[in-house]
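The following exercises concern the reading of a structural model. Each task is followed by a worked solution.

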Amino acid sequence: MDVGQYLGVFLDESKEHLQGLNDNIMALEQDPADENCINEIFRAAHSLKGMAGTMGFKRMQELTHHMEDVFSDVRAGQLKVNGDMIDQLFKCLDALEGYVTLISDTQDEGTDEHQDIIDALNAIRTGKAAGDAAPAAQADAPEEAASADAGKSEESGPAWKSIKPDKSARESIEEAKNEGKNIFGATVNIQESCILKAARAFLVFKGLEEIGEVAFSDPSTQDIEDEKFDLSFSMIIVTEESKEKVEEIINHVSEIESVDCGPYDLSLAGSEGDGDAAAPKAEEKPATAEVAAPAAAAAPAAEAQAKNEKGAEKSGKKPAGKPAIARTVRVDIDKLDVLMNLVSELIIAKNSLISAATSEKSDGGSVNEQIEYLESVTTNLHESVMKVRMVPIDSVTQKFPRMIRDLNRSLGKPMELTMTGEDTEMDRTVVDEIGDPLMHLLRNSADHGIEPPAERVAAGKPETGQIFLHAYQDGNNVVIEVGDDGKGIDVEAVKRKGIERGIITPEQGEAMSEKAIIGLLFNAGFSTAKVVSEISGRGVGLDVVKSKVESLNGEVDVRTKLGEGSTWIIRLPVTMAIIQALMVKVGGETYAIPLDSIQIIEDVSPSEIKLVQNKEVINLRGSVTPLIRLSKSLEVESTQPEDANMVVVIVKKGEQQAGLVIDEMIGQLEIVIKPLGKLSNKCKFISGATILGDGEIALILDTNALV
Amino acid sequence: MNDLSDKESLGELIQYIVIRLGEEQFGIDIRYVDNIVRMQQITRVPKVQHYIKGVINIRGDIVPVMSLRLIMEMNEDELTGKTRIIIVKMSGGSLVGFIVDQVAHVLTLDSNNVENVRRGDDRRHGEFLSGVGKYEGGLVSILDLNTLELESLEGRDREREKQLIAVNE
């Protein structure tokens, strides 16, 4: 089966399930008895296993299966949640995430089987008897005896006679017996040549469920579904029909070699006491039996498996030629409906325009009317399409609680993460890119910001450090604040370090403002941590954060107070593809200035220009604002005479502002941003280009680079 | 031996678009040509190398346009009715336009009739050529598109600068 086309969906859903597992296991750590949570985890693990199996990712399926087993024991109350188990489970989730990443990169799950994790998970399960039951040694003995018993009887008589049903099955059998129903045991042998054993078994179960109920099976139904059995399986059937009918139904399924069926007596299954203890052991038994299966029987099975694997390989190889997996956005159907409606209106508008244009006496009035209508439709259409591209940032922030928890343990600092505004929406492309910078800032806060507990107590702060992430929309921007109540940035230390690293000279250091010194942190190769730790401080860091944010047309700022903590503020445009811009002319060429960077437009007479340190400035309502003559920056001749009044566009960059001198203003326009491709990093003043209504290109000025 | 009359020669047949720059003829492998458009308004991009003339709009994509004459250190382009921009798909799939004096014709060459040019060949424009093709009409220099990538042109510029500094010292 070629499953390549489902890969995108598989990856999306796997990530979702893994995230759900992460969240729920964290919740479980807080409240180990939360049943809802356990059920939720079990469901997610089960679906994940099923999906991985369907897609042919056997190793991933295997690992998930072992994890699911642990949850299944927890759910049945046979296993208690503890810290060690949570750690193992997280390790397992990380491994699974590794599989998913590998699959999304290479369409293959790789060869790592994570046997250590599987062993650890198994150890948790087998360790349960020792940790759980009080008289461990005592429980062990009958268990062994029971399993030895089961092994023996398998050789001597039909396997169903040795079935040890669990408590709930036992109860339902008891009940059925009291109701006067027939209870049969049956062992079904499947032909060696059968390839789809699980399917045959399923048909048997399905057939039997029509006439009664399968009260218990050995191996468990789950294992049978997963083909975790040799060539035979046994079960207990509760039915009103006769033994012959049962045999007939089972034999009716093809590829069944033989069936052994007879009345089942519950009392033979051993006394209540050790029956309970033996039950889980008996369940486990077939698993080990499978491993040690006789070579002859295993051969066809292995062959079938090899075939499967080959098939999986084939389906894995086919799409390998184009490893790019389509990126998807989940869209609310309502949003699509709105889009559909707008498109129909667009068609109506087009038709009206055609008829208005071709009508014999077009007076122009109706055409204008239609154009206005068209304009309103396209504006709405744009808005709706943008909304479709918008996703809440929680897809990246939801990973953070887990990360802080892990840092908590590895750094030995108690910390608490508070997040608000995770439902703030941004363009998918921005959300995808912003995860790493945010993660870095959070790690930074945890590693460098928050002091060790003793130091905190000495400083009169609560022992537990507070880390926060607040996101909110501010006009056309989304602001994300990340910070802590830790020790803050030591400006003097940064200055010393800057001098040490040769980034600034001591003289420069003296002249620099506090803000400028903090700005040094964003320099490549700057790390103030005394010890380079695993968490952060590899020297690549804040500069990467800064360049990443800037590549998204955003900016980073930092507020800090020594001893009270620091806050990093990331400001990003809500969307990147379409912006409002002011179109201007400079030297006969058309340029676009993004509207959200513009503060005000001023008419300045040349006499107002003053020279400060040989640079042109104007006094703008009390603040000295440097002037930038765009014609000079862009290397063109200004079309304006020297002595004429100048149009100055005041733009802001963070808290700085500057005035851009232009020749003339054209007006405001909604523009579609197009990348400049290979030329984009050749001229840093230009952030992109747009195509105007007449097909001409106008370049978009990057005011941040100009100021 | 490259015997032109040998119709049995077993080389690969490749089609080239033959362009003219002044008196010289160059061939561009047709498989890399996306489009040929008439000369049009080119939007200048400030602060870039002199041979990058700007950008044009090709079906909604912004495509940089370079002057092949300036790259090869010939005189500035003289725009005529025959001036064309050849849009070439470079490695990596990005489009780049080259201004040429004229697009002459399409030529099919047997690879046996193309003589490879080695690196460091002192032939005129040798650094931009992958080979020289022979046909009934004469010789055609086959352009090596890799050397016309922006990155390799910049590399060349840097080399030049270094040499200049060395000479001046």
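Helices (H or I, at least four residues) and strands (E, at least two) are taken as DSSP runs and numbered from the N terminus. The model is predicted, and local features need pLDDT of at least 70, side-chain atom pairs count only at pLDDT 80 or more, and totals for chains, interfaces and linings use all residues. Residues are numbered from 1 along each chain as its sequence is written, while chains are lettered from A and ligands numbered from 1 in the order in which they are written.

**Exercise 1.** Summarise chain A as a whole.

Solution. Chain A contains 24 helices and 22 strands. Of its 707 residues, 30% are buried. Among contacts in chain A between residues at least 6 apart in sequence, 69% join residues at least 24 apart.

**Exercise 2.** Describe how α17(A) and α22(A) pack.

Solution. Step one: helix α17 (residues 428-449) and helix α22 (residues 542-551) of chain A pack at about 150 degrees, their axes being 9 Å apart. The axes are lines fitted to C-alpha atoms, for helices over the stretch in contact, and angles run from 0 to 180 degrees between N-to-C directions. Step two: angles under 35 degrees count as roughly parallel, over 145 as roughly antiparallel, 65 to 115 as roughly perpendicular and the rest as oblique. Therefore α17(A) and α22(A) are roughly antiparallel to each other. Step three: on the α17(A) side, Glu433(A), Asp436(A), Pro437(A), His440(A) and Leu441(A) meet Val545(A), Lys548(A) and Val549(A) of α22(A). The residues of this contact comprise four nonpolar, one polar and three charged; here Ala, Val, Leu, Ile, Met, Phe, Trp, Tyr, Cys and Pro count as nonpolar, Asp, Glu, Lys and Arg as charged, and the others, Gly among them, as polar.

**Exercise 3.** Which residues other than glycine have a positive phi, including Arg621(A)?

Solution. Arg621(A), with a phi of about 45 degrees, lies in the loop between β16 (615-620) and β17 (623-629) of chain A. Arg621(A) counts as exposed because it has 7 C-beta neighbours inside 10 Å. Another is Glu635(A), with a phi of about 60 degrees, in the loop between α23 (630-633) and β18 (646-653) of chain A. Glu635(A) has 10 other C-beta atoms within 10 Å and is therefore exposed.

**Exercise 4.** Characterise the side of chain B that touches chain A.

Solution. In the interface, 16 residues of chain B are in contact with 19 residues of chain A. β4 (52-58) and β5 (61-67) of chain B each supply at least two residues of the chain B side, and β4(B) gives the largest share, four residues. The chain B side divides into nine nonpolar, five polar and two charged residues.

Notes:
Contact = placed C-beta atoms within 7 Å. Buried ≥ 20, exposed ≤ 12 C-beta atoms within 10 Å, placed from the backbone.
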